[in-house]
Amino acid sequence: MADLQKQFLEFHNAIKLGTYEENDFLRKKRDLIIDKLKSKLAERKDDGYPQYERSFNQGSYALNTGIKPVRAGDYDIDVGVLLDCHKEDYKPVELKELVADCIKHNNRTVEVSRSCVTVTYMKDGKPDYHVDLPIYAKSSNTYDDTYYLAKGRKGLTEDKRVWQAADPEGINSIINGLYKGNDTYEDNGSDQRKQFRRCVRYLKRWCHHKSAGIHSIGLTMAAYHWLEPEVEVKNDGDILLSLVKTILNNFDYFGRLSINLPITPGGNLLKSVSDEDMATIKERFETLRDNLQSAIDEPDAHEASKILRKSFGDDFPEVNKSDKAKKSIEAPYVSTGSSA
């Protein structure tokens, strides 16, 4: 059986994005928008505008699971914004429209979408990247510390223009705290977190490449629920195959998969997926499983790498025909040095 751990690590390094702190460009753009919002709200304080209270990183950058986009212009940044106001005093779409008005500028477009305010920067007349700003407020009930997300946009019915209880930083704590404090793992679970993040990135690139139809948070939570790291004796291909098999085993009798969000607001992240789209998701996972299994069983490293490129695209390295590397009984673990 061919040992492709070296290729998996090269693939990971080719597709991964660092954190905000590691990306000076994105950090500056994030700060520029937040500073603009703060200053504009402050200018209109006497008009009764709510004031900026705090912001926090969300999404793949905060979790260190980001990947480079397949298509140009697909870079996105998620920054949660808490305003110093009560949800009882504003309708959710009203508050988002107010934020959008504060950050309008001639070199970017600003749009109120269902879950956030989206700021898109243009380059040569085409979208270059966008910043999503989920907007939060608290309740006037002093005993309620819950954050409430402003949901909805113009054109939606009232039942979809709501304040939704949320724990926007809860996912950060859960994922960034994985395997810590477990005496089973050395170095406070550092290697396990690295492997977890690599596997999430592999799934994200597969999903983008094959249009599998699952949002990033769904893939991350699937790995959270079902990935079992084995950094000492197994390579990433084995671990990923085991994860995909477990995901497929969790499809129910009706052909549906549930991926539960373990924090507020909770619930099944795939609840709204149609039966037709769910069937496509299952089919995509089955093909990924078969390709991973074929690559693991294939004795020739060149042929095995070609099989994996079907699922992951051209960023997965193709092994030279002259490379006769074989899989050892215990494949060595190689650290990528990425953040734990």
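The model is predicted, so local features need pLDDT of at least 70 and side-chain atom pairs count only at pLDDT 80 or more, while totals for chains, interfaces and linings use all residues. Residues are numbered from 1 along each chain as its sequence is written, and side-chain values use heavy atoms, with hydrogens and water left out.

Searching the whole structure gives 13 salt bridges, each being a side-chain nitrogen of Lys or Arg within 4 Å of a carboxyl oxygen of Asp or Glu. One of them joins Glu169 to Arg54, with 2.9 Å between the closest N and O atoms. Glu169 sits in the loop between β8 (163–166) and α5 (170–176) and Arg54 in strand β1 (residues 51–58), so this pair ties together parts that are 115 residues apart in sequence. Helices (H or I, at least four residues) and strands (E, at least two) are DSSP runs, numbered from the N terminus. How open are the two partners? Glu169 is partly exposed at 29% relative accessibility, and Arg54 is partly exposed too, at 28%. On this scale buried means under 20% relative accessible area, exposed over 50%, and partly exposed in between (1.4 Å probe, protein chains only).

Now turn to Arg309. Its side chain meets that of Asp314 in a salt bridge of 3.3 Å, N to O, and Glu318 also forms a salt bridge with Arg309, at 3.5 Å between the closest N and O atoms. Arg309 is partly exposed at 21% relative accessibility, Glu318 is partly exposed at 38%, and Asp314 is exposed at 65%.

Next come the aromatic rings. Across the whole structure there are 15 aromatic pairs. Rings of Phe, Tyr and Trp (its six-membered ring) pair if their centres lie within 6.5 Å; planes under 30 degrees apart count as stacked, over 60 as edge-to-face and the rest as tilted. Phe56 and Tyr136 have ring centres 5.7 Å apart and planes at 40 degrees, so they make a tilted pair. Phe56 belongs to strand β1 and Tyr136 to strand β6 (residues 135–138), so the contact ties together parts that are 80 residues apart in sequence. Both Phe56 and Tyr136 are buried.

Trp206 and Phe285 form another tilted pair, 4.7 Å centre to centre with 40 degrees between the planes. Here Trp206 lies in helix α6 and Phe285 in helix α9 (residues 275–297), so parts that are 79 residues apart in sequence are tied together. Trp206 and Phe285 are both buried. Elsewhere on the aromatic list, Phe8, Phe11, Tyr202, Phe312 and Phe316 make up one cluster.

Let us finish with helix α4. Which residues of α4 are buried? This helix (residues 92–102) is mostly covered, with 8 of its 11 residues buried. They are Pro92, Val93, Leu95, Lys96, Leu98, Val99, Ala100 and Cys102.
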